[in-house]
Amino acid sequence: MSVPADRHYTPEHEWVSIDGTTVSVGITDYAAQQLGDVVYLSLPTAGASVTAGEPCGEVESVKSVSDLYSPVDGEVIEVNAELEGDPSLVYAEPYAAGWMFRVRVAQDGSGAPALPPDLLSAAEYEELTKSAG
Amino acid sequence: MSGAAGIPSVNGGEDVKSSAERPRQTPLHAVHERLGATMTSFAGWQMPLRYGSETAEHLAVRRAAGLFDLSHMGEITVTGPGAGAALDYALVGNLSALRPGRARYTMICAEDGGVLDDLVVYRLDEDEYLVIANAANTDVVFESVRDRSAGHDARVTDATGDYALVAIQGPEAAGVLAPLAGGLDLGAIRYYAGAFGAVAGHRAWVARTGYTGEDGFEVFCRHQDAPAIWEALSAAGVGAGLVPAGLAARDTLRLEAGMPLYGNELGPDVTPFEAGLGRVVKFDKPGEFVGREALAARAASGPVRRLVGLTIQSRRIARHGYPVLADGKPCGSVTSGAPSPTLGVPIAMAYLEPGADEDNRVLAVGIRGAEVPAQLTDLPFYGRRH
């Protein structure tokens, strides 16, 4: 199971990659392993506004259906269209070709992207998955 | 994402035992860990859910072969001169008529005709039967058969702890197993038959049975011999495309083959007749059997609901418990659903009320608020070419 150090994580097993005010979102390798082959995805549409901690889609695998939560507040600016035709990319490459959507977030007073304070570092997330067994 | 913290459940069977006991491990546990399997808690056992992609494992079984650890299944032995008569009374089938070396699919029912479990029974010898129960039902089956055997000259033993079960399933199964099964003529073991022999040098009961809709064998061996048998089969199958396969693939394979799963299609609230399996009830066998009266009444009145196959017109899965609608009105309930890797569309089994599919009514499944069209499809969804 891999947890790249170049991004942040949520307790809902999503990863967040921050580039300026653009935030890319996907699910972690741990989540992908637990889910197995993904057969259907419901993702937010471009232009939709999303709220941190609120459901914004669904991930359906052979064995289960899970809600997808937005990890940040903002506006969806891009959705991974490739997943529509090939949702198996989520299982095969959760950190790369399996990315799900991008959100533009607001800037805080100092010009930095406004992000929820409770995002986890790679080390913190790894710890969380270990304690989950 | 929610739901990922818990391990996704295998339809109907997860953690059936509510006790807080630590799940039991099969003798192949270390092998599964080495192979990087995603493990799941299933009926009180820690079992491999998948080793990699469950879809790939499924397709490997259809096209080549898969290797399964089924050591969680219950093994109950019934021995003695009265063993056949005891099973005739305890189960709905005619087991005294089963010839040694043959197997039978049968069920154990309650007095009211409800199904307590579906079983495969092997007659190992004249006075020795091996009853295979679902893991979640092993205790119930053992206790029921033991209690129902009172007065018969038969000894009933729960031997689950003594047995391991390795299944090799798929068109290449016989070819992979044959060189390792020295002295056994696999060609002489017909479907639903078995023989004692040695596999990789270890004594085993080798049966041509399975739960995948493919040709294949189930190898019942001693606990301590399972790793050696598994490793020998794995090595022998490399060239043939044999892969380890988990419970997730097993579930989609049996669903395509139209085989019921206890807890989904079968349970104490249905009789064999609802499940379309009334043929397992042998009213003409000698003597009484538990459930006869209720089952005879049900056979005469006809089933109150009917198990059907559905093909879903979407990529979304119609899952256990989702409602089936006819012209928008509830008319039944999905028992099992999954993507069919062989057919490329989601499939499901469901119980429908009588008349639900009459008069060209349009069927649909309610999938989390959406009405998704569904097509009645003959069972099984998949049948192998002989």
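The C-alpha centres of domain 1 of chain B and domain 2 of chain B lie 24 Å apart; the model is a predicted one.

Visitor: Which residue ranges does the domain assignment of chain B give?

Guide: The assignment gives domain 1 as 24–73 + 162–256, domain 2 as 74–158 and domain 3 as 305–386.

Visitor: How many residues does the contact take from domain 1 of chain B and from domain 2 of chain B?

Guide: Domain 1 of chain B supplies 14 residues and domain 2 of chain B supplies 13 residues. On the domain 1 side, the elements that give two or more residues are β11 (194–199) and β12 (202–207) of chain B. That side divides into ten nonpolar residues, four polar and no charged.

Visitor: Is the crossing of α2(B) and α7(B) left-handed or right-handed?

Guide: The crossing of these two helices is right-handed. From α2(B), the contact is made by B:Glu54, B:Glu57, B:His58 and B:Val61; from α7(B), by B:Ala248, B:Ala249, B:Thr252 and B:Leu253. By class, the contact residues of the pair comprise four nonpolar, two polar and two charged.

Visitor: Which elements give two or more residues to the side of chain B that touches chain A?

Guide: The contact as a whole takes 21 residues from chain B and 24 residues from chain A. On the chain B side, the elements that give two or more residues are α2 (54–63), α7 (247–256) and β17 (329–339). The residues of the chain B side divide into ten nonpolar, seven polar and four charged.

Visitor: How many helices and strands does chain B have, and what radius of gyration?

Guide: The secondary structure of chain B comes to eight helices and 20 strands. With 386 residues, a compact globule would have a radius of gyration near 21 Å, and the 21 Å of chain B therefore agrees. Taken along the principal axes, the box filled by the C-alpha atoms of chain B is roughly 60 × 50 × 45 Å.

Note on methods
Residues are numbered from 1 along each chain as its sequence is written. Chains are lettered from A and ligands numbered from 1 in the order in which they are written. This is a predicted model: local features need pLDDT of at least 70, side-chain atom pairs count only at pLDDT 80 or more; totals for chains, interfaces and linings use all residues. Two residues are in contact if their C-beta atoms, placed from the backbone, lie within 7 Å. Helices (H or I, at least four residues) and strands (E, at least two) are DSSP runs, numbered from the N terminus. Ala, Val, Leu, Ile, Met, Phe, Trp, Tyr, Cys and Pro count as nonpolar, Asp, Glu, Lys and Arg as charged, and the others, Gly among them, as polar. A crossing is left-handed if the near helix is turned anticlockwise from the far one by less than a right angle, and right-handed if clockwise. Domain bounds come from an automatic or database domain assignment. The radius of gyration is taken over C-alpha atoms; the globule rule is 2.2 Å times the number of residues to the power 0.38.
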